[in-house]
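Visitor: I'd like a walk through this model, helix by helix and contact by contact. Can you take my questions as they come?

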Amino acid sequence: MAIPTAGSVPDANRCVPTDGSTSTAGATDRRVDLAAAHTAPALLAVRDWLLVLLAFSSGTYEAICYLSFGKVFTGFQTGNIVFLGLAAAGTRPPFGPDPDSVVVSLIAFAVGAALAVWILKAFNGDEEVDDDDVFQVWPRRVSIALGVALVVQVGFLAVWIAATPSSEVSNIMLGLNALAMGLQMNAVRSLHVPGISATAATATFVSWASGPATWPHRATWARRLTGVLVGMAVGALVGDWLLGHAHTFAPVLPALVIALVIGIASVALNQETRKLCPSADVPTPEDLLTRRSRAGGHDEQ
């Protein structure tokens, strides 16, 4: 059997009993980093830095698109849903965004998210891998989904450099970037790192603001959440700066960052699939945390 994917089970990196039932781990995977129970701390650190880089790239793209195409989001779709409400109330530019652009971004993002699920299901490892095997930290299918997003972003860059600005071109570019953001969103979600999203920071900020009472292992957890939030903010700052000082090539940097993430993940996190647990004995989150503590990684979460 092929290993489970984000499109087939709630958690792409957990064991699944062969009798078809689900592990209790799924109920708490928002606060338990299951990869930490069976992965070296150094590899977890690499993964976390890659998530920060993806957040930086998303912040840069969001700033470029928001400032260039009529103040419409391409990753933060909660904002666009609010904008739809404003449009329904009759608010139009210059006091609000163009409703057509908002709809384009919402639809393109949804298509990208759906495409990511298809990719994650299609590239789910070798057929010889059993359901009680698991890829460590960063499955190959995540890099493939990010690679497709990168191809879309290269298309965005080509249109940015070559096309004459117009409302039609702006909507095409919004659609391309939102498509890529949707791909990236579900690619990162399939890693099931608690509290982390690389395209919209609301969930990450809530986890960070909830404070030490909700951080099972505070040091690494806090660094990860803070890194993603800071990465996205710095990315937006850099995107704004690029528009003012290197406008023609502003989208080059975030595309290079995504390529760097894919390259590092393919080399540093290209681990062999191995048995995580016997198929008849699926561990609970508490078991995984206990194993991690015994292995000396008591602060890895």
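Visitor: Before we start, what kind of model is it, and what pLDDT do local features need?

Guide: Residues are numbered from 1 along each chain as its sequence is written, and side-chain values use heavy atoms, with hydrogens and water left out. This is a predicted model in which totals for chains, interfaces and linings use all residues, side-chain atom pairs count only at pLDDT 80 or more, and local features need a pLDDT of at least 70.

Visitor: How many helices and strands does the protein chain have?

Guide: Helices (H or I, at least four residues) and strands (E, at least two) are DSSP runs, numbered from the N terminus. Read from that end, the order is α-α-α-β-α-α-α-α-α-β-α. The tally is nine helices and two strands.

Visitor: Which element has the highest mean pLDDT?

Guide: pLDDT is the predictor's confidence in each residue, from 0 to 100. The chain averages 78, with 71% of the residues scoring at least 70. Strand E2 (residues 274-275) has the lowest mean, 43, while the highest, 96, belongs to helix H8 (residues 252-268).

Visitor: Which helix gives the most to the nonpolar patch?

Guide: Patches are made of residues with over 30% relative accessible area and no salt bridge, with like charges joined within 9 Å and nonpolar side chains (Val, Leu, Ile, Met, Phe, Trp, Tyr) within 5 Å. Leu84, Val103, Ile107 and Val111 make one of about 310 Å², where accessible areas come from the Shrake-Rupley method with a 1.4 Å probe and, for residues, only the protein chains shown count as cover. Val103 counts as partly exposed because its relative accessibility is 36%. Three of the patch residues come from helix H3 (residues 99-122).

Visitor: Is Ser101 buried or exposed?

Guide: Ser101 lies in helix H3. Not counting residues up to four places away in sequence, Ser101 touches Val72, Asn171 and Leu174. With a relative accessible area of 7%, Ser101 is buried.

Visitor: And is Pro94 buried or exposed?

Guide: Pro94 sits in the loop between helix H2 (77-88) and H3. Its C-alpha is 9.8 Å from that of Lys71, a residue 23 places away in sequence. At 75% relative accessibility, Pro94 counts as exposed.

Visitor: How many salt bridges are there in the whole structure?

Guide: A salt bridge is a side-chain nitrogen of Lys or Arg within 4 Å of a carboxyl oxygen of Asp or Glu. Arg47 and Asp48 form one (3.0 Å, N to O), and Asp48 forms another with Arg224, at 3.1 Å between the closest N and O atoms. A search of the whole structure finds two.

Visitor: Which residues do the salt bridges that share partners join into one network?

Guide: Asp48 lies in helix H1 (residues 41-68) and Arg224 in helix H7 (residues 218-245), so their pair ties together parts that are 176 residues apart in sequence. Asp48 and Arg224 are both buried, and Arg47 is buried too, at 1% relative accessibility. The network joins Arg47, Asp48 and Arg224.

Definitions and conventions
Buried means under 20% relative accessible area, exposed over 50%, partly exposed in between (1.4 Å probe, protein chains only). Contact means heavy atoms within 4.5 Å.
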